[in-house]
Amino acid sequence: MTAETGTYQAYRKWVTEKSTVPPRVSVVIPAYNEEWRILPTVGAIATHMCSRGEPWELIIADDGSTDTTVSLLQDLRFPNMTVLVAAKNTGKGDAVRRGMLAARGEFILFADADQSTPIEQFDHLMAKIDAGYDVVVGSRAAAGAAVSGKSALRKVLSRGLHVMVSVGFGIEIADTQCGFKLFTAPAARSLFTLQVVDGFSFDLELIYLAGRLGLTTAEVPVEWIDAPGSTVDAAKVSLQFVADLVKIKVHDLRGGYTVTGHSPVSRASSPASVASIK
């Protein structure tokens, strides 16, 4: 039997039979008005994850879509896919939180619905988890990343925001905002229980909290392409990002992040090799 045949059989089983064993990996996709690309995304993710030969589940966390995104997904009736329906749009951070806290896997990937970072990059992140890290961040800025189609405006804004994050929070990770991150289940539960930012800046909050909790974090270069049809207004999001920086800092200063006495859930044995969060 060829690898292609084995993948096809695994895919057919995944879309027709409910797994009888707990998933090793959960993939969480936040979705807001993604009717024109959500089905190809599901297909791409399912094909690759099934090729790995391990039990896994897919969770689509709707963010109050007003198009046919939810109905398209529900019509698939895939037994190993869960669609979390939201009554209204509350923000990407909230959608990801709901998906991550509903996940049952030992390891949980959050990935954007536009597949700007192809699902095949999952294997690179998983290698770091296997090496003992708690959180692995896909990065468009780390040495070795392959980035295509990123506008000049996005590049300038990214550099400026990185400086603010580095100076204001002591975070050395070069790209906090790439929508491709992998967590161990204990790390995910700890981080997303404390998360309060519902907008796009939730990624920064998670990385900041990872440092506060003593979790070990690795940054891995990934392939990334600016997907067509993106509804993200880079300038508007950047302004909100700055406002959220203040919100996170104030929330922390007021004792909002209850981390005192928290038992670290880190598994890594070489903290010195991890990006430092001061």
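Reply: In this predicted model, the axes of α2 and α3 come within 10 Å and cross at roughly 40°. Which residues meet here? From α2 come I38, L39 and V42. From α3 come L72, L73 and L76. An α-helix has 3.6 residues a turn, so residues three or four places apart point the same way.

Stay with α3 for a moment. The helix covers residues 69-76, and T69 belongs to it. Is T69 buried or exposed? T69 counts as buried because its relative accessibility is 0%, and the cut-off for buried is under 20%. Its side chain reaches the backbone nitrogen of E34, at 2.8 Å. Beyond its neighbours within four places in sequence, T69 is in contact with A31, N33, E34 and E35.

Now turn to α2. G43 has its place in this helix. G43 counts as partly exposed, because its relative accessibility is 23%. Y11 lies 32 residues away from G43 along the chain. The C-alpha atoms of the two are separated by 9.5 Å.

The buried residues of α5 pack against α2 (38-51). They pack against strands too: β1 (25-31), β4 (107-111), β5 (135-139), β7 (180-184) and β8 (217-221). Which residues of α5 are buried? In this helix, residues 122-130, they are F122, L125, M126 and I129. They cover an arc of only 100° around the axis, so they sit on the same side of α5. After α5 comes G132. Its phi is positive, near 115°.

Helix α4, residues 92-102, is mostly covered. How many of its 11 residues are buried? The count is eight. They are K92, G93, D94, A95, V96, R97, G99 and M100.

Last, a word on confidence. The mean pLDDT of the protein is 87. A pLDDT of 70 or more is reached by 83% of the residues. Over residues 268-278, however, the pLDDT is below 50. Beyond near neighbours in sequence, this stretch has 22 contacts in the model. Where pLDDT is low, the predicted coordinates should not be read in detail.

Terms used
Residues numbered from 1 in each chain as written. Predicted model: local features only at pLDDT ≥ 70, side-chain atom pairs only at ≥ 80, totals over all residues. Heavy atoms only, no water. pLDDT = per-residue confidence, 0-100. Contact = heavy atoms within 4.5 Å. Helix = DSSP H or I, 4+ residues; strand = E, 2+ residues; numbered from the N terminus. Buried < 20%, exposed > 50% of the residue type's maximum accessible area, 1.4 Å probe, protein only. Polar contact = N/O pair within 3.5 Å; in protein donor to acceptor, adjacent residues only side chain to side chain. Arc of directions from axis to C-beta. Axes fitted to C-alpha atoms, helices over the stretch in contact; angles between N-to-C directions.
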